[in-house]
Amino acid sequence: MNNGIVSALASAKDRLKILAGKVTEVLASRTSEAVQVVERDVEQKEHVDWRGRDAVDQAGEPLRAPDTKGLDRAVDADTISQSTRHALDTAVASRMNDGGVNPAVLEHITDGLPRIHIEAADGTVDVAAIKEFAGTALGRDDIELRPVIGGGLEGGRTGDPVYLIKDRPDSVVAVAKVFRSPEMYVRELSGTQVLSAPEFTRFDVPEIHGVAVTSLNGKDAEVLVMSVAPGRSIINMIHAVADAPTDAARATALDELGTAMSDTGAALGELHSRPVGSGGAISRAFADTQDSEIHKDLGKIVGHRDVLREFGVDAGDLAQRVTRVLPQGWGELGGSAITHGDANPGNIFWHPDNGVTFIDNGNAHLAVDGMGRPIGAPAYDVTGLRGWTNYAARTNDFSAAEIDGLNRAFTDGYRAGGGPVLSAESLRGYGARLGVWNVMDAAQQVGADTLRTKPELARTLRDAVDGLNETLEWTS
């Protein structure tokens with residue numbers, strides 16, 4: 001073989017070894033905390049439309065399946081630990097410079113993973129196999145599984161099966177998720193690795209305890225067992241304020257929510273500023289996606305002009321006002337950052353002792369290039385959290401003064417955490433991106449309710465329009 005080719009292959013092999021070793025080095029520097037979470041908070045995160053009220057309050061009775069064997073072969077805790085590290089290494093290696101997932105890596109994403117059989121003969125999920133695998137991964141034999149049900153979904157908000165893992169005292173100790181999409185599974189692993197870097201001290205992420213491959217409807221699916229977030233989600237803290245029985249109790253709950261918003265701001269500020277490379281170029285692919293999606297949603301809004309007219313809203317005028325505030329170049333709106341990518345009140349948990357925990361971290365994969373450098377837009381996180389929080393607070397009858405107080409707490413925390421200064425143009429642009437989607441989604445729901453039998457949908461649409469109008473005036 002030509003010496004030049006041999007040299008090139010050896011060099012490439014060395015680079016791959018370095019890349020694969022990065023995640024192990026990072027993970028070795030972190031330790032996990034054993035946490036317990038209020039069952040209602042974990043269940044609601046998976047099946048609640050957090051923009052408003054609970055879709056379903058109860059998740060059904062615990063499943064106590066017989067201890068049948070579902071593993072393809074005997075797998076011990078060490079084997080699961082090794083395969084989990086391998087899966088994380090593979091997810092890291094899947095990163096591309098535009099934030100995508102390398103399709104060549106996807107073809108081998110299940111290599112080296114233990115296979116479990118969770119599909120019963122009647123097409124349902126055999127929870128006994130998941131229970132056995134989760135018990136081995138967690139080093140426990142005292143667990144039960146409880147499916148997350150609600151909102152018309154089979155499992156979580158994506159529709160994938162999700163199970164709460166509980167111990168005998170009936171407290172939640174972990175969560176098991178089944179991913180039908182290999183790309184979403186890879187992104188979850190990669191995003192969790194990104195956000196678990198030791199340089200971040202103001203927030204935490206769930207620990208991944210085990211991964212496996214299974215089969216659903218004749219196609220491979222991936223099973224992920226991870227720890228639960230301590231405390232309560234921001235959306236449940238908003239509900240606690242709204243449900244407070246007395247003025248004094250409301251004031252206490254609101255003060256606690258303000259602290260959580262401040263800590264969340266500081267956590268995002270750290271995320272957006274601390275990594276090496278922050279302030280560089282925002283991914284062109286990410287920027288182009290924002291421009292494409294908002295114009296697509298504006299077209300859908302205009303298509304629902306008759307519905308909006310019922311509420312005194314001129315769809316054409318609304319679309320023109322939005323278009324006027326959109327940036328000419330989304331990628332030129334300040335410097336880049338690693339972003340969470342789905343910073344909403346259901347994905348952020350807060351505990352008075354443990355602080356902030358980010359969950360559902362798959363979109364963080366989109367905010368780094370092939371070498372892990374930041375390419376996301378920080379305004380996307382900031383406007384996402386502010387917009388969704390304001391929307392949820394408004395639908396839960398918070399006063400304008402209370403909402404302003406939450407915004408100030410978040411903004412002050414963001415600055416204290418070192419968050420970059422964001423221009424008014426970036427805030428209005430990315431804020432409008434979310435606001436337009438809200439209006440479009442609400443208009444579609446009202447339009448589908450042809451007999452207008454669901455008055456709550458009308459409230460949702462009004463709140464969405466108010467939120468978008470507010471966003472178009474954002475300056476800080």
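**View 1. The β8–β9 hairpin in the predicted model.** H351 has G355 of β9 as its bridge partner. Strand β8 (residues 348-351) and β9 run antiparallel and are joined by 4 bridges.

**View 2. Parallel pairing of β4 with β9.** Strand β9 (residues 355-358) also pairs with strand β4 (residues 203-204), here in the parallel sense and over 2 bridges. The bridge partner of F203 in β9 is V356.

**View 3. An open sheet of 5 strands.** The strand order is β1-β2-β3-β6-β5, with antiparallel pairing. Because β1 (143-147) and β5 (208-216) each have a single partner strand, these edge strands are left without a neighbour in the sheet on one side. On average, neighbouring strands are turned by 25 degrees against each other, direction ignored.

**View 4. The β3–β6 pair and helix α6.** Strand β3 (residues 172-179) is paired with strand β6 (residues 219-226) through 5 bridges in the antiparallel sense. One of the residues involved is K177, whose bridge partner in β6 is L224. Helix α6 (residues 182-195) packs on the sheet and touches β3, β5 and β6. The direction of α6 makes about 25 degrees with that of β6.

**View 5. Helix α15 and its cover.** Helix α15 (residues 455-471) has 17 residues and spans 25 Å from its first C-alpha to its last, close to the 24 Å expected at 1.5 Å a residue. The buried residues of α15 are L457, A458, L461, D463, A464, V465, G467, L468 and T471. Their cover includes α10 (305-310), α11 (315-325), α12 (378-395) and α14 (424-448).

Technical notes. Residues are numbered from 1 along each chain as its sequence is written. This is a predicted model: local features need pLDDT of at least 70, side-chain atom pairs count only at pLDDT 80 or more; totals for chains, interfaces and linings use all residues. Side-chain values use heavy atoms; hydrogens and water are left out. Two strands pair if DSSP finds at least two bridges between them. Axes are lines fitted to C-alpha atoms, for helices over the stretch in contact, and angles run from 0 to 180 degrees between N-to-C directions. Contact means heavy atoms within 4.5 Å. The expected span of a helix is 1.5 Å times one less than its number of residues. Buried means under 20% relative accessible area, exposed over 50%, partly exposed in between (1.4 Å probe, protein chains only).
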